[in-house]
Structure formats: C-alpha cells, structure tokens
Amino acid sequence: MRLLAMVLSRYLNFKYPLLFIFLFVVGCSNSYIDDIDRSGGYEYRPGFPEVRLVTAGIVDEITDSTKISLAAEIVYGSLIFKKFEDTFKADVVVDVQILDQSNPTNIINVKQYPVTITQKDSRTSLSQEAFLVKKEYPAQPGDYLIHFSVTDLSNNKQTVRSSTAYIPNPAETTPHITNIRVFSKNDPLEDTFDPVTTYDLSNNADSIRFVFQVTNNNPQEPLELSSRLIKFRSDTSYARPMSFPNYNSSSLASKGIAFDKYEVINSSRRIINQSGSVSIEFAFPGLDRGNYRFEVNNVSENGVKLFKAREFSIKSPNYPSLKSARELAAPLYYLMGKKEFNKLMEIEDEVELKKAIDRFWLNNIKNERIALSVISLYYERVEEANKQFSSFKEGWKTDLGMVYILFGPPWYVLNSLDESRWSYSHDVYDFDYNFFFKASRLKSRAFPFDNFLLLRNNQYFSIQYQQVQKWLTGTILRDNL
C-alpha cells in the first residue's frame with residue numbers, strides 16, 4: 001500500500017473536599033480566576049511563523065536572586081528553509097521585550113537574537129516539530145508582561161506572542177506561591193523534561209511534572225500546603241451532521257466542560273516550616289485523555305490565603321499533528337457512514353488499520369495520484385482545524401472544525417458577541433452557503449473557550465452530502481464548493 005506510506009511520510013517524520021468546594025463557590029471572583037493558568041494557544045495564521053510561549057518568575061533558593069524564565073517553540077514547518085549545499089537553513093530574528101505591568105511604559109529589558117535553524121532533511125519544511133528557545137533574564141520582584149516576536153527573514157512575516165510572569169519578593173514575611181510550570185517527557189529512558197508551552201499535552205507523555213516555588217520568611221507560622229490533580233467532565237464527541245437536531249442546551253456538548261463535575265486523581269499535603277524559597281515538584285505518570293487542573297493552596301490558619309492552579313488538556317499522541325494510523329482514521333468520521341466508521345475504528349492492529357485507510361481512499365477515488373492530493377488536503381485541514389479551534393476537545397471535533405475541514409476557510413466571516421456567520425458565497429442571503437454558529441457560553445476568564453455550535457437545519461443534508469461526495473470522488477480539487 002504505497003499510497004498511505006507516501007502520505008504518512010509527511011506526518012511520521014516530523015505533536016480536601018470542603019476547602020475546594022469553597023474555592024469553587026467563590027470561583028467567580030477575579031482574584032481566584034486570575035490564579036488559574038491555562039498557558040497559551042496556537043494562534044495559527046497560514047504563512048506566518050508558528051510560535052508558542054510560556055514564561056514564569058523564579059527565585060534562586062540559595063542566593064534569593066530573582067529572574068524570568070522563558071521557553072518558546074518555533075514550528076519548523078511554518079518557516080521558509082533554503083538549501084545551502086547539503087543543508088537546509090531558515091534565518092529568523094527573535095525579539096524579547098519585558099515590561100513592568102505596574103507601569104507598562106517602563107521597559108525592563110529588550111533583547112534581539114538572530115537565529116539560524118539548520119536541518120539536513122528536506123522534509124523539515126513540512127515538520128510540526130519545533131525549535132526550542134530557552135532564556136533567563138534577571139528581574140526584580142513584581143508582575144511582568146513579556147512580548148516574544150519571531151520574524152522570518154525570508155518573507156519578513158512576524159508573529160508576536162505575549163505572556164506574563166510573577167516574581168514574589170523573597171524578603172517579605174508574607175508567604176507566596178509562584179506560577180506553576182509544567183514539563184513533560186515522552187521517553188521513559190530519558191531524564192530530560194521539556195517545558196510545555198500550550199494548554200494541550202500529548203497522551204504520549206511518559207510523565208508530566210509540575211514545579212512551583214513557595215516563599216515564607218516566618219518559620220514560626222509554617223505553611224500547610226494542599227495540592228490535588230482533578231479531571232473535569234468534558235465533551236469529547238465528534239461534531240454531529242449538519243442536518244441533525246441542534247444540541248440540547250443542558251447537554252455536555254453544549255456546556256463543553258463542566259467545572260463543577262470532576263474526579264480527584266491525586267491529593268496530598270505538605271508542611272513548609274523552613275524560611276526562604278522552597279521548590280516543590282509533583283510528577284504523574286501518563287494521564288488519560290481529558291481536561292485537568294493541578295492546584296495548590298494553603299490550609300494554614302494564619303489568615304493568608306494562597307492559591308495557584310494550572311489547567312491543561314491531554315489530547316492525542318501527536319496533537320495537533322496526525323502521525324499514527326488511529327489519528328489519521330478518526331477524522332474520516334466526516335466522510336464515512338456510521339457503520340463503516342465503527343468497523344474501521346474496531347481495527348486494533350496498527351498495520352491493518354493503515355491498510356484499511358488506504359483502501360478507503362483508493363476504493364473511492366480510484367486514481368492514486370489524485371487520491372494522494374486529496375488526502376494531503378484533507379489532513380492539512382484537520383491539522384489547521386486543530387490549531388485554530390482547539391479547546392476542551394480536539395479542534396477537528398468542533399462544529400467550526402467540521403465545517404472548516406469539509407468546506408475550507410470561509411470567504412467572509414462576520415462575528416458578533418455570541419454569533420459568527422461563515423459565508424462561502426458572495427450572496428449573504430444564500431442559505432445553502434452561509435453557515436451560522438452561536439456560542440453556547442460566552443468566552444470569559446472563568447470559561448476560556450470558544451464553543452460555537454452550528455445552527456443546524458435538515459435542509460443542510462443535501463449540502464453536506466454533496467460536499468462529502470466531492471471529497472470521495474476527488475472533484476474537491478477542482479471545485480471546493
């Protein structure tokens with residue numbers, strides 16, 4: 001089965017109860033919400049460098065010196081590589097700007113770094129692997145805003161990502177908890193953990209590590225810290241067909257994620273009775289797919305309330321990319337009948353599943369050359385949907401993702417507070433090619449996701465059917481709509 005092997009080459013070589021009940025009750029307060037970190041998203045723009053950023057404040061446990069830690073990933077496939085002899089090179093410029101949040105006009109630090117990324121493999125230009133930038137900058141205690149920009153010198157296109165960092169004052173008698181940093185590693189034989197720069201983590205991770213610091217200069221009043229890892233109930237379903245009934249407003253698909261319904265995976269307590277800054281680490285083996293929160297707070301009776309949390313989602317092994325046969329099989333849900341899809345997903349053997357996917361495409365399109373182009377386009381859209389619409393579930397599973405995959409990028413988009421119209425026609429009154437989405441919940445700090453649901457109609461049956469047929473016959477390459 002040469003066809004699937006050719007396609008795969010693109011993807012394979014290169015993603016205690018009463019206390020916390022109280023916290024949820026008061027969870028509407030800004031101070032509580034502000035202490036929940038979800039890191040950044042992908043912010044994908046075709047043709048621009050893909051950049052992911054995470055920052056944190058750090059206190060040296062020996063010297064009490066303070067600094068900002070920065071980790072950024074630059075996706076290889078988003079850069080322009082040029083061949084020089086037997087090497088492929090991409091030249092970029094990285095700019096870092098650190099601002100004092102209490103006085104945004106006060107620029108603490110500005111750095112510029114020219115970077116040349118070299119690779120031997122020509123397929124690097126298709127890779128979703130990333131070049132890691134790690135830096136540390138001395139800074140006084142305080143709140144900071146960090147701007148990190150990457151400019152591809154081949155086309156002068158620039159991407160700017162921003163993040164915040166909080167550095168506690170180790171000299172204060174008031175205790176503090178720093179932001180929680182997350183690290184993961186995939187190989188059980190390796191000791192190196194890589195920083196996690198997004199809300200999404202791979203369920204391929206062998207283990208996940210959470211690191212934070214506690215400062216306390218009052219040993220007469222030791223801190224008793226409580227930590228726990230919880231898993232929220234959340235929607236993981238595929239987008240239902242466009243002609244089906246709309247989701248019930250009380251359904252989990254409409255709510256997206258239920259922050260008041262969760263399972264406690266792990267909990268522990270620890271007493272900090274030494275003065276100064278103390279680093280604390282928690283490590284967990286590979287977690288199942290789902291949405292989680294790791295949170296820390298103090299249960300001391302000294303009147304000081306501390307709370308920090310880091311939320312994250314475990315998604316497919318190579319997310320947002322598609323590499324394994326199962327990752328490539330799942331999005332075929334939008335092109336298959338239910339029985340055919342269920343039969344496909346029942347195949348457990350990876351090799352046999354690859355063959356079945358290959359047969360599906362060839363049996364429909366017949367022409368291997370055309371099939372290869374259609375497959376590449378389909379999975380390119382799935383990956384783009386993951387980057388643009390990722391939330392509590394994979395971007396391709398959302399209503400926005402489904403329409404994006406089947407119909408492509410909309411010609412026009414009109415957004416309001418809780419509605420979005422995607423137009424695939426110059427006639428805004430053409431019902432067949434104007435799709436309306438409504439947010440089931442408004443995006444906020446308490447609910448940080450866009451959950452736009454398609455306003456379904458049984459008249460869409462023929463529209464979706466015709467579009468699927470274009471994919472299955474290969475005519476999608478000639479006329480998208």
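**The cavity, the cores and some loops**

Let me start inside: the largest cavity is lined by Asp235, Tyr247, Ala253, Lys393, Thr398, Asp399, Asn451, Phe452 and Leu453. A cavity here is a set of points, on a 1 Å grid over the protein atoms alone, where a 1.4 Å probe fits but cannot get out, and a lining residue has an atom within 4 Å of a point. The space in this cavity comes to about 50 Å³, where the volume is the space filled by probe spheres set on the points, and grid points are joined across faces, edges and corners. By class, the lining has four nonpolar, two polar and three charged residues. In that count, Ala, Val, Leu, Ile, Met, Phe, Trp, Tyr, Cys and Pro are nonpolar, Asp, Glu, Lys and Arg are charged, and the others, Gly among them, are polar.

Now the ground rules. This is a predicted model, in which local features need pLDDT of at least 70 and side-chain atom pairs count only at pLDDT 80 or more, while totals for chains, interfaces and linings use all residues. Residues are numbered from 1 along each chain as its sequence is written, and side-chain values use heavy atoms, with hydrogens and water left out.

On confidence: pLDDT is the predictor's confidence in each residue, from 0 to 100. The protein averages 89, and 91% of the residues score at least 70. Helices (H or I, at least four residues) and strands (E, at least two) are DSSP runs, numbered from the N terminus. Over residues 1-29 the pLDDT is below 50, yet this stretch has 74 contacts in the model beyond near neighbours in sequence. Contact means heavy atoms within 4.5 Å.

Next, the cores. A nonpolar core is a set of buried Ala, Val, Leu, Ile, Met, Phe, Trp, Tyr and Cys residues joined through side-chain atoms within 4.5 Å. Buried means under 20% relative accessible area, exposed over 50%, and partly exposed in between, with a 1.4 Å probe and protein chains only. The largest core has 49 residues, and the members touching the most others are Leu332, Leu335, Ile357, Trp361, Tyr378, Tyr379 and Phe435. Elements giving two or more residues to this core include helix H7 (350-365), helix H8 (368-389), strand E22 (434-439) and helix H10 (460-473). Which element gives the most to this core? H8 does, with eight residues. Leaving aside neighbours within four places in sequence, leucine 332 is in contact with Phe341, Leu344, Ile357, Phe360, Trp361, Tyr378 and Tyr379. There is also a second, separate core of 27 residues, which includes Ala72, Tyr76, Leu79 and Val115.

Some single residues now. Serine 207 sits in strand E14 (residues 207-216). Is serine 207 buried or exposed? Serine 207 counts as buried because its relative accessibility is 10%. Its contacts, leaving aside neighbours within four places in sequence, are Phe183, Ser184, Lys185, Phe193, Phe284, Pro285 and Gly286.

Asparagine 179 is in the loop between strand E10 (176-177) and strand E11 (181-185). At 22% relative accessibility, asparagine 179 is partly exposed. Not counting residues up to four places away in sequence, asparagine 179 touches Tyr166, Val211, Phe212 and Lys308. Lysine 308 is 129 residues from asparagine 179 along the chain, and their C-alpha atoms are separated by 6.5 Å.

Last, the backbone. Most residues other than glycine have a negative phi, and most peptide bonds are trans. Serine 39, not a glycine, has a positive phi of about 60 degrees. The residue lies in the loop between strand E1 (36-37) and strand E2 (51-59) and is partly exposed at 25%. Asparagine 156 also has a positive phi of about 60 degrees, in the loop between strand E8 (142-152) and strand E9 (157-167). Asparagine 156 counts as exposed because its relative accessible area is 59%. Tyrosine 319 and proline 320 are joined by a cis peptide bond, with omega about 5 degrees. Proline 320 is in the loop between E19 and H5. In that loop, between strand E19 (307-315) and H5, we also find serine 324, which is buried at 18% and touches Asn318 and Glu350, not counting residues up to four places away in sequence.

Technical notes: On a 1 Å grid over the protein atoms alone, a cavity is a set of points where a 1.4 Å probe fits but cannot get out, and a pocket is an open set with protein on both sides within 12 Å along at least five of seven lines; lining residues have an atom within 4 Å of a point.
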